[in-house]
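Hi,

Here is the structure I said I would pass on. Have a look at it first, and my notes come after.

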Amino acid sequence: MTPEDCLSLASSKNLKVTLITSEWGSSTGGLSILSREPATQLAKHDNVEVCMYFPRFNEEDKNAAADCRVSLLKAKERARFNDPIDWLAFIPRDQQMDVVIGHGIHLRRQVPLIKETQPECKWVQVVHTDPEELGMFKTYPDPTVKGEKKQETEVKLYQEADQVVAVGPKLTEAFARYLRSCGDVLNLTPGIFSEFAGINQATEERKVFHVLLFGHGDDEDFQLKRYDIATQAVSMLNKPLKLLFVGAPHGKEEEVKATFLDKGISCSRLIVRSSKERKQLAQQFCQADLVIMPSRPEGLGLAALEALSAGLPVLVSGNSGLGESLEEVPFGSNVVVKSEDPREWATAIRGVRSKRRNVRLKEASVLRKMYSETYKC
């Protein structure tokens, strides 16, 4: 989906778009990124007024948004609701909207209530995950049944939307099937992130090759993100390599380290770091040689796309939305690993490691260029 697709949803001379989201920054991960990027792209059009509706924000957020021609609107605090996200169901009466955009699982239940006060407003719902597929890999009690119920609830709700937009081809395929009788589901495949595209990667080769892995490090993440593949693959390789994990919750770094060690990797080949703010990611990308994403179900795979944006070599799972997207890009299939076998991942990592760093970076730069030409949104 491009900004032009969004512009066609209303015919007013000045299109007023409001996005329901949790924050301007990215402390909660990919959801805020996939709210902020479409907002900034839409705001580039002179006849579009973009507003993002939050539970709270600070002056720094407000100034950063203003630089992108995006205004921020703060929800009124309501003491009877414990979750600030629920404040978003009540929008100021003077807030004019032609289009309201809901995002993800937790930011879609507010929109029907908003539409009761502004019935002429069009509702666009952005889908980030497939709960039924995720239920196949969750570890809490009765995940399959709960995943099915979540999927049924979401589909029922999304049937009320004027337009459903799915992030990446994998989710588009899934929800086009779920909503087959309700019209087309638009595919929103993010392009290259400009904030990382300007990173200057040093070409100097270092002795130890660092393989970067992002995540949260909890038990569920180990199951879904397939960290066991990463640990086993790195352990199989003889050349000096380290697995660099970034994303451990603050205060739980030792627990995450212990879980990795239980998967069979040695202390000498492992580095565990706490989660980083978005502005700190550039430094992590500059210190790494390769980013891998061996996830099982992955709606898209933002961490790998951010790494590619930074000009860093990547290897991604064929079961991810990004993997499917890369299959449509010249040279993209070269970085897609269609296997859960750690030996296949070890072979792929060895193939990247065998090239000189300046060659690896040149190939990553070419792939980034090809990707940006294929996905311009």
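Below is what turned up, grouped by topic. Keep in mind that this is a predicted model.

**Helix α10**

Let's begin with helix α10, which covers residues 227–236. Seven of its 10 residues are buried, so the helix is largely enclosed by the rest of the structure. The buried ones are Tyr227, Asp228, Ile229, Ala230, Thr231, Ala233 and Val234. What do they pack against? Their partners are the strands β8 (209–214), β9 (241–248) and β11 (290–293), together with the helices α9 (219–224), α11 (253–262) and α15 (342–353).

**Aromatic pairs**

The count of aromatic pairs comes to 10. One of them joins Tyr158 and Phe175, with 6.0 Å between the ring centres and 50° between the planes, which makes it tilted. Tyr158 belongs to helix α6 (residues 143–158) and Phe175 to helix α7 (residues 169–178), so the pair ties together parts that are 17 residues apart in sequence. Both Tyr158 and Phe175 are buried. Another tilted pair is Tyr371 with Tyr375, at 4.9 Å centre to centre and, again, 50° between the planes. Are these two tyrosines buried or exposed? Tyr371 is buried, with a relative accessible area of 0%. Tyr375 comes out at 14%, which also counts as buried because the cut-off is under 20%.

Going back to Tyr158 and Phe175, ring pairs link them with Tyr178 into a cluster.

**Charges over rings**

Two arginines are worth a mention here. Arg36 lies over the face of Trp24, at 5.8 Å from the ring centre. Arg278 does likewise with Phe193, sitting over its face at 5.5 Å from the ring centre.

That's it from me for now.

Cheers

Note on methods. Residues are numbered from 1 along each chain as its sequence is written. This is a predicted model: local features need pLDDT of at least 70, side-chain atom pairs count only at pLDDT 80 or more; totals for chains, interfaces and linings use all residues. Side-chain values use heavy atoms; hydrogens and water are left out. Buried means under 20% relative accessible area, exposed over 50%, partly exposed in between (1.4 Å probe, protein chains only). Helices (H or I, at least four residues) and strands (E, at least two) are DSSP runs, numbered from the N terminus. Contact means heavy atoms within 4.5 Å. Rings of Phe, Tyr and Trp (its six-membered ring) pair if their centres lie within 6.5 Å; planes under 30 degrees apart count as stacked, over 60 as edge-to-face and the rest as tilted. A charge sits over a ring if NZ of Lys or CZ of Arg is within 6 Å of the ring centre and within 35 degrees of the ring normal.
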